[in-house]
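New notebook page, new structure. I'm jotting down what I look up as I go.

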Amino acid sequence: MSEEKKNLPQLLDKLDQEYESLKRDPALFVTWESSDANTQIQIYLRSVNSANELNEAKIQLLGKSGRLSMYLSELGRLPKEMRPQIAALVNPVKARDQEIIDAKFEEINRTAIEERLRSESEDVTLPVREAPFETGRVHPVTQVIDELTAIFADMGFAIAEGPDIETDGYNFTKLNFPEDHPARDMQDTFFFNPKPDGSRLLLRTHTSPVQVRTMLAQKPPIRVICPGRTYRSDSDQTHTPMFHQVEGLVIDKGSHLGHLKWILEEFCKAFFEVDRVKMRFRPSFFPFTEPSLEVDIQCRRDKGEVRFGEGDDWMEILGCGMVHPNVLRNCGLDPDGFQGFAWGLGIDRIAMLKYGMPDLRAFFEADVRWLSHYGFRPLDFPTLAGGLSS
Ligand code: 2NL
């Protein structure tokens, strides 16, 4: 064929013309497959390179209203004796085109896959690119929560979490705060507007409501720690309106202060990564514990730097005590059957102490320069075996 390559509509026109003569005298044709139009269509199909083009040809030839389907569906309107002759001429063409199109689709797909494999191959000898986990940093508060979790999980504690927005009941009443306690004052607590029934929701001022919820929901023995955000109306160099606390709670038949002292000592050694640490327990007062104690740990203050486990200075780090019988009762536990202890400490404060960060306000300013200086590498997750902060 010396003519220039024909496009699909031209080829289809030609096919229609051939079909018209076929209908006029089918006896002149032995086969139709190798006719001019069909040969050119086969060449066209074999030369197509895109799946879209091939699909279009498939629709026009073999689709429901494609040429070859139309020819066959109008057989019924032709003289009876012609029908088998025409069908015998059209069907092989249809089968042949189908065969070519199927093969061509496979070829196009294979070529596309090979092309992708070629173009998307990785040069494994290239140096490692700086990935997000290389530049991103874990916030010191998150790091310290992960460290606490690793330490207490090792002692068999579960982690419990609860809502930041609490009821007065869970935040104060069940914890044995009297109605006129100063902590319930607007000056200290962020309250929401009162509801029609007079009750007020609030931003929890400590994580104790999580322990209340735990006691109400679970049977002893209970061993949980509750890390999370807490809120108080307070703001200066060492106080921000939002801060973080972790509280611990143990409830069992014979839990006593000796257990508490051991847990806190193991915690301090693990957290500050020292072999020994002296601790001092002083009497104190909290509405929810009796007796209540404040805990200081041994430290050395040296040119503004603090080192733990040495020296003869003391630093207050947490409060604790035996859970008050009223709190046990309020949480559905019989104080004659169960007793327990609890403690609470400020996460931001111990993060500042351990990692030498002087100003609490910088914690929550989201300054990437501060974060890239004080932050931690994301894949260095703290573990007891691998070292908490190595
Ligand atoms: C502190 C002192 C403390 C608790 C928290 C607690 C929770 C329940 C019952 C009894 Cl449900 N106690 N928590 C106990 C003693 C002290 O926190 O100075 N935190 C920063």
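Predicted model: local features only at pLDDT ≥ 70, side-chain atom pairs only at ≥ 80, totals over all residues.

**Entry 1: around the ligand.** Next I asked which of the 19 residues around the ligand come nearest. I noted down Q211, F288, G319, A342 and G344.

**Entry 2: where the shell comes from.** I wanted to know which elements each supply at least two residues of the shell. My list has the helix α9 (208–217) and the strands β5 (242–252), β9 (313–323) and β10 (339–346). Of the contributors, β10 gives the most, with five residues.

**Entry 3: two helices crossing.** I then turned to α7 (residues 140–154) and α12 (residues 347–355), whose axes come within 9 Å of each other. How do they cross? The angle is roughly 95°, so α7 is roughly perpendicular to α12. On the α7 side of the contact I wrote down P140, V141, V144 and I145. They meet I347, D348, I350, A351 and Y355 in α12. Sorting that contact by class, I have eight nonpolar residues, one charged and no polar.

**Entry 4: domains.** Last, I checked the domain assignment, which gives domain 1 as 2–119 and domain 2 as 135–374. How far apart are the C-alpha centres of the two domains? I noted 79 Å between them.

Key. Residues numbered from 1 in each chain as written. Near = placed C-beta within 6 Å. Helix = DSSP H or I, 4+ residues; strand = E, 2+ residues; numbered from the N terminus. Axes fitted to C-alpha atoms, helices over the stretch in contact; angles between N-to-C directions. Parallel < 35°, antiparallel > 145°, perpendicular 65-115°, else oblique. Contact = placed C-beta atoms within 7 Å. Nonpolar A, V, L, I, M, F, W, Y, C, P; charged D, E, K, R; others polar. Domains from an automatic or database assignment.
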